[in-house]
Amino acid sequence: MKILKVILYFILILIGTLLLAALFAPGTKVIERQTEINAPLGAVFNQVANFENWQNWDPWFKLDTAQQRNYTGKQGDVEYGYSWTSDNDNVGNGSMKVIGFKDQEQIDYHLSFGDGGGSNEADGYFKFSELNGVTTVTWAMVSDLNYPFKFLNYFMEKMLAPDFEKGLANLKSYTEINPEVPLKMNSNVEIISEHGVNYAIVKSEKLPWAAMDSFYKTSYAPIYNYLRENGLEPKGPARSLFFTWNEEVQNTTLAAAVPISELVISEPEKVELAIGAAEVTANSISYLQKGDYDQSEKNHTALGDWITSNGKKIVYPVIEEYIKGPTNTSDSTQYETRLYYYFE
């Protein structure tokens with residue numbers, strides 16, 4: 001009986017120690033490692049941005065090359081990620097998905113181990129920069145845990161840092177031996193995310209209104225070329241994204257844009273405006289404009305006035321979606337343009 005009491009006391013003391021340690025443990029722990037790779041930025045970025053390339057350097061793939069990996073979507077989609085299953089205890093099961101994307105600069109991801117939930121989930125990021133042909137890559141994971149699980153943050157560095165170091169070493173070795181750039185780049189085209197949709201865009205800052213027509217004529221072709229070269233598909237008609245509209249000096253910051261992911265929204269409600277019926281969701285109002293573009297000004301004004309009168313604030317960019325235009329018909333009365341305003 002004395003032995004049982006000693007064991008019980010030991011367990012209670014151990015639990016108490018862990019709970020006490022958890023009180024003082026950091027709630028957030030960033031595990032970050034960095035390396036320099038003698039290869040072009042595009043080649044390095046593509047090895048990370050395309051999950052199917054991870055088997056070239058991923059340290060956990062090397063532990064079990066027979067593991068099953070299933071991919072969801074593809075590079076550029078909002079829902080892009082993969083899941084894995086393995087009988088190797090050092091690999092296990094889990095999933096990773098992209099939650100933020102800035103072409104050639106940063107990828108934000110969400111990681112889930114096992115069945116997910118609680119201490120089994122974490123966010124992280126990759127950052128990229130290039131100087132004189134040398135690409136610097138930073139790989140990080142942010143462990144954000146609540147009490148009492150945050151005591152695990154004491155061990156995260158030791159648990160994950162060696163794998164990050166090994167993975168970056170593998171990435172360096174593979175990319176320096178295979179420096180070709182399968183992701184073809186156009187210096188004018190970038191990938192951004194706005195209002196839950198990923199776009200390939202060409203952007204212009206403070207463009208005079210008088211130059212807008214010329215801008216559009218020269219901007220969409222490079223975007224569609226970029227999509228073809230990189231195996232991406234348009235997920236809807238071409239659009240304009242208006243980030244600013246300055247009446248005083250008559251210029252605008254805007255982007256010619258092509259969606260490369262789809263936005264899933266709830267069924268909208270109808271609302272009657274002076275210009276006709278508009279569609280309202282929890283955070284947007286849109287109007288299908290039929291006919292020539294010369295009516296755009298009054299339609300934009302009506303949508304903006306509705307937002308203001310309902311005590312809401314516009315969230316830029318404002319979007320014009322060109323469903324039917326000059327490339328589809330020579331009859332301007334048949335043009336169809338949907339105007340989107342987002343609000344909070």
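Predicted model: local features only at pLDDT ≥ 70, side-chain atom pairs only at ≥ 80, totals over all residues.
Reader: How many residues of helix α2 (residues 41-49) are buried?

Author: Nine of the nine residues in helix α2 are buried, so the helix is mostly covered. Buried means under 20% relative accessible area, exposed over 50%, and partly exposed in between, with a 1.4 Å probe and protein chains only. Helices (H or I, at least four residues) and strands (E, at least two) are DSSP runs, numbered from the N terminus. The buried residues of α2 include Leu41, Val44, Phe45 and Val48.

Reader: How is a pair of aromatic rings described?

Author: The distance of the centres and the angle of the planes describe such a pair. Rings of Phe, Tyr and Trp (its six-membered ring) pair if their centres lie within 6.5 Å; planes under 30 degrees apart count as stacked, over 60 as edge-to-face and the rest as tilted. The structure holds 24 aromatic pairs. One of them joins Phe45 and Phe128, edge-to-face, at 5.0 Å centre to centre with 70° between the planes. Because Phe45 lies in helix α2 and Phe128 in strand β6 (residues 121-131), this pair ties together parts that are 83 residues apart in sequence.

Reader: Are Phe45 and Phe128 buried or exposed?

Author: Phe45 is buried, with a relative accessible area of 0%. Phe128 also counts as buried, at 7%.

Reader: Which kind of pair do Trp54 and Trp57 form?

Author: Their ring centres are 4.7 Å apart and their planes stand at 45°, so the pair is tilted. Trp54 is buried at 1% relative accessible area, and Trp57 is buried at 0%.

Reader: Where does a charge sit over a ring?

Author: The criterion is that NZ of Lys or CZ of Arg is within 6 Å of the ring centre and within 35 degrees of the ring normal. The charged end of Lys127 sits over the ring of Tyr125, 5.0 Å from its centre. Lys203 lies over the face of Phe243, at 4.1 Å from the ring centre.

Reader: What does Leu207 touch?

Author: Contact means heavy atoms within 4.5 Å. Not counting residues up to four places away in sequence, Leu207 touches Met212, Phe215, Gln250, Asn251, Thr252 and Leu254. Leu207 lies in strand β9 (residues 197-208) and counts as buried at 10% relative accessibility. The C-alpha atoms of Leu207 and Asn251 are separated by 5.1 Å, although these residues are 44 residues apart along the chain.

Notes: Residues numbered from 1 in each chain as written. Heavy atoms only, no water.
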